[in-house]
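Subject: The structure you asked about

Hello,

Here is the structure, ready for you to open. Have a look at it first, and then read on for what turned up in it.

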Amino acid sequence: MKLHKKIGVFLLTICMATLANAQEKKAVASPAETATGKINGATITINYGSPSVKGRTIWGELVPYGKVWRAGANDATTFETDKEITVEGKKLPAGKYSFFVIPEKESATIIFNKEWKQWGAYKVNDKEEQLRVKVTPKKSASLTEKLVYKVNKDNITLSWENWDIPVKIK
């Protein structure tokens, strides 16, 4: 009888451990992140999925040159401003936009699209485009493993792998 109790306790312990492990959340590969800050009185908020490099070549391979990219992972990245701002010298009205990048070897095109609620960049509607500007990426000082946005004093910067992509804002 003692043996049966020991086996029962052992099996119950295994079942409980299995259930506990099943209920733990798996680590998300590209967690949702938010960057926020003020530039000349305007509150800027950027919501994005933050993927990791994981030893891959990002620019020109994982993110091909010449193609619209969601500027993050999962849902399209969103950019929101509570006041009208200028982006690279062009006016952008207050509002919420999807934010896309078309990377090239020496430049990047930044797109603000009025359809902010969308998955990836698969159905970008050019007719809903609010603003398009060209910027110059810079080689970063060190590897940036996880994609990150920063709202600085006079720009926002997307940093990932070996690139920093600054976008001037006033």
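Let's begin with Asn155, which is buried, with a relative accessible area of 15% (buried means under 20% relative accessible area, exposed over 50%, partly exposed in between, with a 1.4 Å probe and protein chains only). Before going further, please note that this is a predicted model, where local features need pLDDT of at least 70 and side-chain atom pairs count only at pLDDT 80 or more, while totals for chains, interfaces and linings use all residues. Residues are numbered from 1 along each chain as its sequence is written, and side-chain values use heavy atoms, with hydrogens and water left out.

Asn155 lies in strand β10, residues 155-168 (helices, H or I with at least four residues, and strands, E with at least two, are DSSP runs numbered from the N terminus). The side chain of Asn155 has a polar contact of 3.0 Å with that of Thr157 and one of 3.5 Å with that of Asp154. A polar contact here is a pair of N or O atoms within 3.5 Å; within protein, one must be able to donate a hydrogen and the other to accept it, and residues adjacent in sequence count only if both atoms are side-chain atoms. Not counting residues up to four places away in sequence, Asn155 touches Ile39, Lys150, Pro166, Val167, Lys168 and Ile169 (contact means heavy atoms within 4.5 Å).

**Strands side by side**

Ile39 also turns up in the pairing of strands, where it stands opposite Ala42 in β2. Strand β1 (residues 32-39) pairs with β2 in the antiparallel sense over eight bridges; two strands pair if DSSP finds at least two bridges between them. Together β1 and β2 make a hairpin with two residues between them, and Asn40 in the turn has a positive phi of about 50 degrees. On to the next pairing: β2 and β3 are antiparallel too, over four bridges, and Thr45 has Glu80 in β3 as its bridge partner.

**The loop between β2 and β3**

Ser50 sits in the loop between β2 (42-49) and β3 (77-81). Is Ser50 buried or exposed? Ser50 is buried, at a relative accessible area of 2%. A polar atom of the side chain of Ser50 lies 2.6 Å from the backbone oxygen of Leu147. Beyond its neighbours within four places in sequence, Ser50 is in contact with several residues, including Ala29, Pro31 and Lys146.

Most residues other than glycine have a negative phi. Lys54, however, has a positive phi near 55 degrees, and Ala71 has a positive phi near 60 degrees. Lys54 is exposed, at 54% relative accessibility, whereas Ala71 is buried, at 0%.

**The core and its rings**

Which residues touch the most other members of the largest nonpolar core? Among its 35 residues, they are Phe79, Ile156 and Leu158. β10 gives the most to this core, with six residues. A nonpolar core is a set of buried Ala, Val, Leu, Ile, Met, Phe, Trp, Tyr and Cys residues joined through side-chain atoms within 4.5 Å.

Phe99, in strand β6 (residues 95-103), is buried at 2% relative accessibility. Among the residues that Phe99 touches are Phe79, Phe112, Tyr149 and Ile156. Phe99 and Ala76 are 23 residues apart in sequence, but their C-alpha atoms are 6.9 Å apart in space.

The structure holds 11 aromatic pairs. In one of them, the rings of Tyr97 and Phe112 have their centres 6.3 Å apart and their planes at 85 degrees, so the pair is edge-to-face. Tyr97 is in strand β6 and Phe112 in strand β7, so this pair ties together parts that are 15 residues apart in sequence. Rings of Phe, Tyr and Trp (its six-membered ring) pair if their centres lie within 6.5 Å; planes under 30 degrees apart count as stacked, over 60 as edge-to-face and the rest as tilted. Tyr97 is buried at 4% relative accessibility, and Phe112 at 0%. Finally, Tyr48, Phe79, Tyr97, Phe99, Phe112 and Tyr149 form one aromatic cluster.

Happy exploring!
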